[in-house]
Amino acid sequence: MSDIAIIGAGFIGLASAAALMRDGHRVTLFDPSGVGQGASFGNAGTFAHYACIPVNNPSVFRDLPRFLLSSDSPFRLRWGYLPHLAPWLARFMMSSLPRRYEASAAALAALLARAQDGYAPLLSDPELARFVRSRECLYLYSNAASFDAASPALDLRKKLGVSFDVLTGGDIRALEPSLAPIFERGVLFSDSWHFSDPPGFLQKLYEQLAAQGLSLQRSTVSAVQPLADGASVVVDGSAQRFSHVVIATGARSAQFATQCGDAVPLDTERGYHVRYPGAQQLISRPVGWAKRGFYMTPMSDGIRVAGTVELAGFGNAHNDSLISLLTFSSKRALPALDQPDNSWLGFRPTLPDGVPVLGRSSASERVIYAFGHQHLGLTLAGVSGRIVADLVAKRAPPLDLAPYAATRFQISPGRCRQQFQDS
Ligand SMILES: Cc1cc2nc3c(=O)[nH]c(=O)nc-3n(C[C@H](O)[C@H](O)[C@H](O)COP(=O)(O)OP(=O)(O)OC[C@H]3O[C@@H](n4cnc5c(N)ncnc54)[C@H](O)[C@@H]3O)c2cc1C
């Protein structure tokens, strides 16, 4: 049995704690906000095992001008943030070239193919399984042209093993009669599910683990120090020693990676949600409007409308126009909606290639990274936790971890040449 610290108590930190405790380790979680906050609090709640198409894909070259200039675009860039973002954005555009985007999609698909197995130990518990709603997810396209624009990405999904059915407008209305008759095409992803209350699920998981000995320190960690036989976590100037430390601090993980020998270009894709209380009966499954970049998910307390991407870092104020866009677009899709009663901003942790970092640090095999899950942290939590536990136990992980290494961002002349050839 080892003493292990996990920094960050979101989906990734909690799932890692569960997997490590199944192996018999003693775990201490560090998070000043408590459990299930951060991006894990307000996401769309979908188990999106079909979502292997990263935001960095070749269509950004076609769509970027419209995204940046149109008032109904779900993608925004805060121009004042551009000087800080420029290196990330340059890598993002490079990662959107066809060969590299296909490599990212394959890396995501390999993880997503194991995502359900990763959740199996958690969802075998009836107390946790009661948060799961097993319904397919429906993507909507308002006309044949927007569906046709998505067909290369759908073809790649199919090639990577994702199964789905294509629907007509009539099929959509039969499935979800409350939707406005403005959608001509749809895609139904089978075998997916969603959480009725994502932070509620994490709170219940935490309570179960706490009853088995998990401890939570509501503290901000300022540093991680790799040691010869473990690593220290620094809180309020004093170091606490552990046999291993897991970095699961979502969008705020880059500082710790730097301390452990890995410069990673992590930034955040900000996303928003609005909630319509009590409206959950209007739809029976998560419904995504592809062009408007959001999902409407029926949850225990209402419909949560979550999505959009804003590149604006941590410090900038909420973007009211994106909240208005979510409100306007969701009412257009579901005319019976009344008024939302709250809104939320969260910080997705995103590397420019859209692939998470999972693996050991360069400075020490005792520091393990599990961050950068962009739009998929809920979906990939179970498999990520399992990989963390495998690395601690020195067991073979369920897949080759090379595509997820923090070192993939190192720049050396040979690597640059290789990347240029790959593109
Ligand atoms: C609008 C929106 C919709 C989404 N929809 C989905 C979806 O439907 N399906 C899906 O799979 N994913 C979805 N996501 C993505 C998903 O929410 C994230 O990928 C996931 O929550 C990341 O989890 P995490 O544990 O890595 O990070 P977080 O949940 O952000 O947790 C990190 C934690 O680290 C803590 N922390 C930070 N710094 C420190 C420090 N110095 N010391 C101690 N603690 C620290 C923070 O307080 C935080 O609690 C969505 C995200 C958004 C924003």
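**Notes on a predicted model: cores, ligand shell and selected residues**

1. The largest nonpolar core holds 77 residues, and those that touch the most other members are Leu-14, Leu-20, Tyr-50, Tyr-119, Phe-195 and Phe-201. Helix 1 gives the largest share of this core, with nine residues. Please keep in mind while reading that the model is a predicted one.

2. Another core lies apart from the largest one, and its 26 residues include Leu-140, Leu-167, Val-274 and Phe-294.

3. The next topic is the ligand. There are 38 residues around the ligand, of which Asp-31, Ser-40, Thr-46, Gln-374 and Thr-379 come nearest. Sorted by class, this shell consists of 14 nonpolar, 21 polar and three charged residues, and its largest share, three residues, is given by helix 2.

4. A polar backbone atom of Phe-11 is 3.3 Å from an oxygen atom of the ligand, while for Gly-377 the distance from a backbone N or O atom to a ligand oxygen is 2.9 Å. In Thr-379 the side chain is involved, with one of its N or O atoms lying 2.7 Å from an oxygen atom of the ligand. On its own the ligand has 1000 Å² of accessible area, and the protein covers 94% of that area. Two or more residues of the shell are given by each of helix 1 (11–22), helix 2 (38–41), helix 11 (254–259), strand 15 (267–277) and strand 19 (342–350).

5. Asp-229 can be found in the loop that runs between strand 11 (223–227) and strand 12 (230–235). Its relative accessibility is 44%, so Asp-229 counts as partly exposed, a class that lies between the limits of 20% and 50%. When neighbours within four places in sequence are left aside, Asp-229 is in contact with Arg-241, Ser-243 and Arg-366. Asp-229 and Asp-23 are separated by 206 residues in sequence, and their C-alpha atoms are 20 Å apart in space.

6. Two residues deserve a careful look at the backbone. Asp-236, although it is not a glycine, has a positive phi of about 50°, and its place is in the loop between strand 12 and strand 13 (238–242). Asp-236 counts as exposed because its relative accessibility is 76%. Thr-308 is likewise not a glycine and has a positive phi, of about 70°, but Thr-308 is found in strand 18 (residues 302–311). With a relative accessibility of 2%, Thr-308 counts as buried.

7. Which residue has its backbone oxygen 2.8 Å from a polar atom of the side chain of Thr-327? The residue is Ile-323. Thr-327 itself lies in helix 12 (residues 320–333), and at 15% relative accessibility Thr-327 counts as buried, since the limit for that class is under 20%. Not counting residues up to four places away in sequence, Thr-327 touches Val-274, Tyr-276 and Pro-340, and Val-274 is also among the members of the 26-residue core.

Key. Residues numbered from 1 in each chain as written. Predicted model: local features only at pLDDT ≥ 70, side-chain atom pairs only at ≥ 80, totals over all residues. Heavy atoms only, no water. Near = heavy atom within 4 Å. Polar contact = N/O pair within 3.5 Å; in protein donor to acceptor, adjacent residues only side chain to side chain. Areas by Shrake-Rupley, 256 points an atom, 1.4 Å probe, with all protein chains shown as cover. Helix = DSSP H or I, 4+ residues; strand = E, 2+ residues; numbered from the N terminus. Nonpolar A, V, L, I, M, F, W, Y, C, P; charged D, E, K, R; others polar. Core = buried A, V, L, I, M, F, W, Y, C linked by side-chain atoms within 4.5 Å. Buried < 20%, exposed > 50% of the residue type's maximum accessible area, 1.4 Å probe, protein only. Contact = heavy atoms within 4.5 Å.
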